[in-house]
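Hello,

Here is the structure I promised to pass on. Please have a look at it first; my notes follow below.

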Amino acid sequence: MRLNVPLLGSEEAEAVADVLATGYLTQGAKAAEFERLVSELVGVPHGFATSSATTGLHLALVALGVGPGDEVVIPDFSFPATANVIVQQGATPVFCDIRLDDFGLDAAALDAAIGPRTKAIMPVHAFGLVADMGPIMEIARRRGVPVVEDAACALGAIYHGRQAGSLGDAGVFSFHPRKVITTAEGGMVTTSSDQLAERLRILRSHGAVRGEHYMSFVDAGFNYRLSDIHAAIGVVQMRKLDAILSGRRALADEYAERLAHIEGCGRPPLLKGVRTRISPMSCSLTTT
Ligand SMILES: Cc1ncc(COP(=O)(O)O)c(C=O)c1O
């Protein structure tokens, strides 16, 4: 069974054809436009389009200096990519309990999961339900540990008036076809930190710094860029975001209504202040 059918039309096809006609196919003006649209929505100054959320999560961890021997605290319920990127850095994922109502990292269990080797905390906004970021950030700040939101499924979700992806030190979105909007494959790292942005920019593209006349390669970076072909799809999809979100909310309402009579099948209550993008699968929705 397909979990989601992306809302694609002739506009996306035309946008791709336009990019092909320019002959400029790698990361360029379209990616910059897509980054601007997403970071404006999220309400942060920086957005870095990546080839997937997985590469975006990896990039964020490397930019934060996570390496061998370090620990990163994550919820014990997520897609494997959340833990895989930690293992790829030679670090250890430390699994922390989730809350059973919203499936998010349980702040009550977080303090005990943080130790002297903890280099980052990565809460996940499961199915677009924003984790209870207030207490999570309070603990993270008190313990001096940076936070990367795995917001893969949460574009457009709001926590007390702030968008997912703007609540931690960095946020990472996915644009896989099963997510809110799609670029086929793709991701984006968002941040308000100029310092982190500088690291992300360099590491995303071969460790290169562009000078006036030539490039300097200052670090061992990656090629985690999103192509302009993919970004062109994303630009069109961003125009459809409101319609996509309200369509999903209406679907979730319908699921909740039709499943209401089945014992044991309920809608997870949303935290006060949370408005979500929600997967039809998890029969939940609403705002308080
Ligand atoms: C919570 C979470 N994190 C990360 C990912 C990875 O996203 P991508 O497929 O864009 O690499 C997913 C994909 O489903 C996810 O659900």
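A pocket, as the word is used here, is an open set of grid points with protein on both sides within 12 Å along at least five of seven lines. Its lining residues are those with an atom within 4 Å of a point. Keep in mind that this is a predicted model.

**The second largest pocket**

The second largest pocket is lined by 24 residues. Gln 27, Arg 201, Arg 204, Ser 205 and Arg 210 lie nearest its centre. Five elements are listed as giving two or more residues to this lining: α2 (29–42), β1 (46–50), α7 (194–204), β10 (208–210) and β11 (215–217). Which of them gives the most? It is α2, with five residues. The volume of the second largest pocket is about 510 Å³. By class, its lining has nine nonpolar, eight polar and seven charged residues.

**The ligand**

- Thr 54: an N or O atom of its side chain is 2.5 Å from an oxygen atom of the ligand.
- Lys 179: here, too, the ligand atom is an oxygen, 2.7 Å from a side-chain N or O atom.
- Asp 150: the ligand atom is a nitrogen, 2.8 Å from a side-chain N or O atom.

How much of the ligand does the protein bury? The ligand taken alone exposes 390 Å², and the protein buries 90% of that.

**Two backbone angles**

Two residues other than glycine have a positive phi. One is Phe 103, with phi near 65°. Phe 103 sits in the loop between β3 (92–96) and α5 (107–113).

The other is His 206, with a phi of about 65°. Where is His 206 found? It is in the loop between α7 and β10. Both α7 and β10 also give residues to the lining of the second largest pocket. Is His 206 buried, partly exposed or exposed? Its relative accessible area is 38%. Buried means under 20% and exposed means over 50%, so His 206 counts as partly exposed.

Over to you.

Best wishes

Notes
Residues numbered from 1 in each chain as written. Predicted model: local features only at pLDDT ≥ 70, side-chain atom pairs only at ≥ 80, totals over all residues. Heavy atoms only, no water. 1 Å grid on protein atoms, 1.4 Å probe; cavity = no way out; pocket = protein on both sides within 12 Å on 5 of 7 lines; lining within 4 Å. Points joined across faces, edges and corners; volume = space filled by probe spheres on them. Helix = DSSP H or I, 4+ residues; strand = E, 2+ residues; numbered from the N terminus. Nonpolar A, V, L, I, M, F, W, Y, C, P; charged D, E, K, R; others polar. Buried < 20%, exposed > 50% of the residue type's maximum accessible area, 1.4 Å probe, protein only. Polar contact = N/O pair within 3.5 Å; in protein donor to acceptor, adjacent residues only side chain to side chain. Areas by Shrake-Rupley, 256 points an atom, 1.4 Å probe, with all protein chains shown as cover.
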